[in-house]
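Let's take a walk through this one, a stop at a time. Keep the viewer open as you read.

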Amino acid sequence: MRPGTEEDSYEVFARYGKQSEPIRWVGSVRAAEPTLAWHAAKEIYTRREECTVLWIAKRSGMVFSTADDLESLKSGGRLDYRTPGFPGRHRRDRERAAQGTRTGQPSTESAGAPS
Amino acid sequence: MADRALPRDEPDPRLARKFELWDDLPDGYREEAARVSSFQALAEIVGVLPFAEWIDRVPDYARKQMLIAKVQDEVGHGQVTARVAEDLGVSRDRIILDFVEGRTKLLNVFHFGFDTWEEVGPAALLMNSAAIVQFQALDQGTYLPYARALRKIEKEESFHYHHALDHTHQTMTLGTPAQRALVQQAFETWLPRILAYFGPPDTDTYQGNRMYQFGIKVSSNDAMRQEWLAKIIPVFRKLGVHVDPALTHVDEETGKWWFASPDWVAVKKMLREGGPRHEEWRAKIADSLERNALYRDVALMRSAA
């Protein structure tokens, strides 16, 4: 992680169009204080679009991920027990293990095999 | 097209790997990304001056509104591209000062002004269509903050294009013969300027160029010139402008556009010494920098406040 530093930089977030649209990061502006930053953002980022939400955040008040965080941000491989397919795989593995016990054959499939 | 290394829909290995500001950038990459974004920021800012001086002379209220919108858009493009440069360590103050103090050069098209209102439409149409061709190539580039800035800019450029098209159409359909002759003349004056705007002809070694290898520069100059001619010449023909084959035409044999080569010696001389309005634009920016120093310091809460 890296805390933002530039005191005069503000990140701009906007929602264009329908209420159901996400509010997205769109860019940044330079200003000395938040109200001026908001007005700069309005002039630059709402020129054509139907903007329905406009936010700005001071860069120095934000925390940014860095390349070092990449592994800890990807949850798919690291936290596979959170994925929807996991309970099913878990059940099949359990059943196979039980069957193996009955027939005396050990399970040959790995726990992580795709279902 | 033979000029392009690969057709547009085939992935170009040069452009496969994209970069964010916070990624480890190859040696020299940061400098090239800063160079292209700060160069464009300056072009956007100085590029409004030939248009801005027409705001109080526009003979039509709706066109005045559209022209003001265009000028505001372009200044916004200057801010957006300056932000890309600033994040790479080149401040906007630096970009402006380098120009005012003569350390950076302007694109050839910004060394001129417009002599008549009739000239503004076709000249802007040629300029905007060229910028669109150029931006649509550049937005496929590898530096993502710059590519995002360009995609935002393109939407507004498209409005400028349609405004210029409509303005030219109005003159050609409702204007007097004298006014139509001014459009014709403007086309012939600006066509070679825009051909030169795309830069010198490709050399045999352009693919070794660092900017090109990094994938910051995407298409070659000649490829963009061809693409632009194919797009804009039919538009002018449809508007009723005569396109003299001595200026440009499709070569029957190659299927490519032939064009009268810009006088590169004269272009380079002008870039070095400054074209007709260069000094005026420079002085104007210098003056506004000085006049607004106090407000800028207050706005950025710097020491002078």
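**A glycine on the inside**

Gly78(B) counts as buried because it has 23 C-beta neighbours inside 10 Å (buried takes 20 or more other C-beta atoms within 10 Å of a residue's own, exposed 12 or fewer, partly exposed in between, with C-beta atoms placed from the backbone). You'll find Gly78(B) in helix α3 of chain B, residues 61-87 (helices are DSSP runs of H or I, at least four residues, and strands are runs of E, at least two, numbered from the N terminus). Leaving aside neighbours within four places in sequence, Gly78(B) touches Ala41(B), Glu44(B) and Ile45(B), a contact being two C-beta atoms, placed from the backbone, within 7 Å. Ile45(B) is 33 residues away in sequence, yet the C-alpha atoms of Gly78(B) and Ile45(B) are 5.5 Å apart.

A word on the ground rules: this is a predicted model, where local features need pLDDT of at least 70 and side-chain atom pairs count only at pLDDT 80 or more, while totals for chains, interfaces and linings use all residues. Residues are numbered from 1 along each chain as its sequence is written, and chains are lettered from A and ligands numbered from 1 in the order in which they are written.

Now hop to chain A. Strand β3(A), residues 24-30, is largely enclosed by the rest of the structure, because five of its seven residues are buried. Strand β2(A), residues 9-16, runs antiparallel to β3(A), with six bridges joining them (pairing takes at least two DSSP bridges). Within that pair, Val12(A) sits opposite Gly27(A).
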